[in-house]
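Please walk through this model with me. We start with its charged pairs, then turn to strands, cores and surface.

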Amino acid sequence: RQSTASELADELRVGLTTAAQPAAGPVLGLAETVTLKKDVDTKSDVNAPTVLTIDSPPTSPPSPPPASTAAPTVVERAKPEPPKVDPSMPAATVAESAAMGSTVTAVPPVQPPVRPSPQPTPAAPAAPVAAQKKKSSAGLIIGAVVLLLVVAVIAGASIFLWNRSRTTTVNTPASSTVTVAAPREVSRYWLELEPAREGEEPARVAGLVPIASGQQLKFHFVFSEPGYVYIVGPGENNQPTAFLTTKPMPESGLTSNEVSSGSDFSFPKGNTLTLDKNPGTDVFTIIFAKTPLPSPVFLNESVTGEPLTTVQQAELKSFVAKYTETPAVTELDESNPRAPLVRVKVPAEQASNPIVFDIRIQHN
């Protein structure tokens, strides 16, 4: 410690003129001194404090100090020789005043070295985050669409199965209750042909095979129920003619057209019909009813052998059309070659109605 302010000023001047060298120890900061009058010779106050700041040794590598406009002040502990006063030295550096009883050194506050603030870590680019959000949003949308499709498929399959089961349920009872009744046999017939030579037995045919023109024959019927039979066939010049009504011709050997169930009914009885000598096909219309028919009217009139009038033919045509919407079915039965026959069948629901069927006889 210097005994006087002059010694201190001299040491300061030497320090300013000496080149700055890196100090081995801690660096002392020198404060700016107060200008004193140089002519006053005073003694240093032993109790006056000298303020110096010493930086504590750093525990970690120091950060580079900020740039300063003032040159660093270095104080050496060694006691130098009294230097000469340099006239170029600024007067404001050291001054003594006679009026002051002590030397006061004003030390400006030494600012601690400013460590560079850590550079903020650059934020991650926003694009990946947006992309990630967009990707996640797209994934959610795709998942929702797939879920809707699955729900739609399940709903459609459920509706289809429900409709199918309902249709099956509705149709099953209907199909089980609908039964198709087998046709019912109402009659059977065959033809009896007169022998060509005397002494021969009459021939029996089914009536579906060709026979000779001019052949004499009889009809044989067997009905499953009692009733009444009517016959209309080709007469003179092949005109429609009544052959059997409720009032038969006396030459037919019959007094009535009524038939019994299961019995053989022959027409004519005790006589025969002769076919046309010209080859062709003769069609006979057979009508069977359980009760006498009020119409056509001519079926209740006497048989005269005359052709039917136009009105009678129209009436017959209308009647036949009414009851042949579902025509009768004929089946050939030759199980017994000596007694062939034709079976006549109709649907069971029509068995109570008048039955109309044709017998076609082809002759050569």
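The structure holds seven salt bridges. A salt bridge here is a side-chain nitrogen of Lys or Arg within 4 Å of a carboxyl oxygen of Asp or Glu. This is a predicted model, in which local features need pLDDT of at least 70 and side-chain atom pairs count only at pLDDT 80 or more, while totals for chains, interfaces and linings use all residues. Residues are numbered from 1 along each chain as its sequence is written, and side-chain values use heavy atoms, with hydrogens and water left out.

Take Asp333 and Arg343. Their closest N and O atoms are 2.7 Å apart, in a salt bridge. Asp333 sits in strand S12 (residues 329-333) and Arg343 in strand S13, so the pair ties together parts that are 10 residues apart in sequence. Strands (E, at least two residues) and helices (H or I, at least four) are DSSP runs, numbered from the N terminus. How covered is each partner? Buried means under 20% relative accessible area, exposed over 50%, and partly exposed in between (1.4 Å probe, protein chains only). Asp333 counts as buried, because its relative accessibility is 14%. Arg343, at 21%, counts as partly exposed.

Salt bridges that share partners join Glu185, Arg188, Asp333 and Arg343 into one network. Within it, the side chains of Arg188 and Glu185 meet at 3.0 Å, N to O. Arg188 is partly exposed, with a relative accessible area of 27%. Glu185 is also partly exposed, at 23%.

Another salt bridge links Arg197 and Glu200, with 3.7 Å between the closest N and O atoms. Here Arg197 is exposed, at 59% relative accessibility. Glu200 is partly exposed, at 39%.

Now look at Val205, in strand S4 (residues 203-205). Val205 counts as buried because its relative accessibility is 15%. What does Val205 touch, not counting residues up to four places away in sequence? The answer is Trp190, Leu191, Leu193 and Pro340, where contact means heavy atoms within 4.5 Å. Pro337 lies 132 residues from Val205 along the chain, yet their C-alpha atoms are separated by 9.3 Å.

Strand S11 deserves a stop. Seven of its 10 residues are buried, so S11 is mostly covered. S11 runs antiparallel to S6, with five bridges between them. Two strands pair if DSSP finds at least two bridges between them.

In soluble globular proteins, nonpolar side chains tend to be buried together. The largest nonpolar core here has 31 residues, of which Phe219, Phe221, Phe267 and Ile361 touch the most other members. Strands giving two or more residues to this core include S3 (184-193), S5 (216-223), S11 (280-289) and S14 (355-363). Such a core is a set of buried Ala, Val, Leu, Ile, Met, Phe, Trp, Tyr and Cys residues joined through side-chain atoms within 4.5 Å. A second, separate core of 13 residues includes Ile287, Ala289, Phe298 and Val356. Back at Phe267, contacts beyond four places in sequence include Phe219, Ile231, Phe243 and Leu273.

Finally, find helix H2 (residues 126-177), which holds Val150. Val150 is partly exposed, at 41% relative accessible area.
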